[in-house]
Amino acid sequence: MSCMDNLFTLRAARPDDKPWLDSYCAAEGMADLDGVEGVTVAANASDEPVGFVQIAYGRNGVAHVYPIVVHPSWRGYDVGRALVEDAHAKHGELRLVSRGSSVGFYERLGFVACAWEAVDDEQTEGCAECAMKAECAPLPMRLL
């Protein structure tokens, strides 16, 4: 998929992408990915990942976004939008838990708040006990 007049393309992640993806997760305070299954990357003209989204199906049968990360130097170029739109086209309904600072981004893409119970507990299990819950202000959201 070609995006933003060929500034980046979307493709399935490869094992050699993992160090890039893990470094992006670390920069956002997240753990490394378990693997590249279900990961789509946005790659620049040099085929280097500049952002990614991982989709996993929850026990409830719905596709869940966790995580989506765009390198800071690529924010504002619709990388995140392209990744979400591609995931939505491929998987239909999407659910996630947004960090409070990301709520506006997701709302602009059509996500709406939903009940905690609507998001698979594998995605929400860490929120209740998280020491940063007040700072993070997590919000369950979905895109139909």
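Analyst: **A helix, its core and the neighbouring strands**

Just after α2, Gly92 takes a positive phi of about 75°. The model is predicted, so local features need pLDDT of at least 70 and side-chain atom pairs count only at pLDDT 80 or more, while totals for chains, interfaces and linings use all residues. Residues are numbered from 1 along each chain as its sequence is written, and side-chain values use heavy atoms, with hydrogens and water left out.

The helix α2 itself has 13 residues. Helices (H or I, at least four residues) and strands (E, at least two) are DSSP runs, numbered from the N terminus. From its first C-alpha to its last, α2 reaches 18 Å, close to the 18 Å expected at 1.5 Å a residue; the expected span is 1.5 Å times one less than the number of residues. Its buried residues are Val79, Gly80, Ala82, Leu83, Val84, Asp86 and Ala87. Here buried means under 20% relative accessible area, exposed over 50%, and partly exposed in between (1.4 Å probe, protein chains only).

The next subject is the nonpolar core, a set of buried Ala, Val, Leu, Ile, Met, Phe, Trp, Tyr and Cys residues joined through side-chain atoms within 4.5 Å. The largest such core has 24 residues, of which Val79, Leu94 and Phe111 touch the most other members. Two or more of its residues come from each of β2 (8-12), β4 (49-57), β5 (63-70), α2 (79-91), β6 (94-98), α3 (103-108) and β8 (139-143). The largest share, five residues, is given by α2. Apart from this core lies another, of eleven residues, including Ala13, Val39, Val41 and Val69.

Which residues does Phe111 touch, not counting residues up to four places away in sequence? They are Val84, Leu94, Leu96, Tyr106, Met141, Arg142 and Leu143, where contact means heavy atoms within 4.5 Å.

Rings of Phe, Tyr and Trp (its six-membered ring) pair if their centres lie within 6.5 Å; planes under 30 degrees apart count as stacked, over 60 as edge-to-face and the rest as tilted. By this rule there are four aromatic pairs. One of them joins Phe105 and Tyr106 edge-to-face, at 5.0 Å centre to centre with 70° between the planes. Tyr106 also pairs with Phe111 edge-to-face, at 5.2 Å centre to centre and 70° between the planes. Both Tyr106 and Phe111 are buried, whereas Phe105 is partly exposed, with a relative accessible area of 25%. Elsewhere, ring pairs link Phe8, Trp74 and Tyr77 into a cluster.

Five of the five residues of β3 (residues 39-43) are buried, so the strand is largely enclosed by the rest of the structure. Val39, Val41 and Ala43 point one way from β3, and Thr40 and Ala42 point the other way. In a regular strand the side chains alternate between the two faces of the sheet.

Strands pair if DSSP finds at least two bridges between them. β2 and β3 run antiparallel, joined by four bridges, and Thr9 has Ala43 in β3 as its bridge partner. Five bridges join β3 to β4, again antiparallel, with Val39 partnered by Gln54 in β4. Between these two strands the hairpin has five residues, and Asp47 in this hairpin takes a positive phi near 65°. Strand β4 is mostly covered, seven of its nine residues being buried. It runs antiparallel to β5 through six bridges, and Ile55 has Val65 in β5 as its bridge partner.

Charged side chains complete the view. A salt bridge is a side-chain nitrogen of Lys or Arg within 4 Å of a carboxyl oxygen of Asp or Glu, and the whole structure has nine of them. Arg75 and Glu28 form one of these, at 2.8 Å from N to O. This pair links distant parts of the chain, 47 residues apart: Arg75 is in the loop between β5 and α2, and Glu28 is in the loop between α1 and β3. Arg11 forms a salt bridge with Asp17, with the closest N and O atoms 2.8 Å apart, and both residues are buried.
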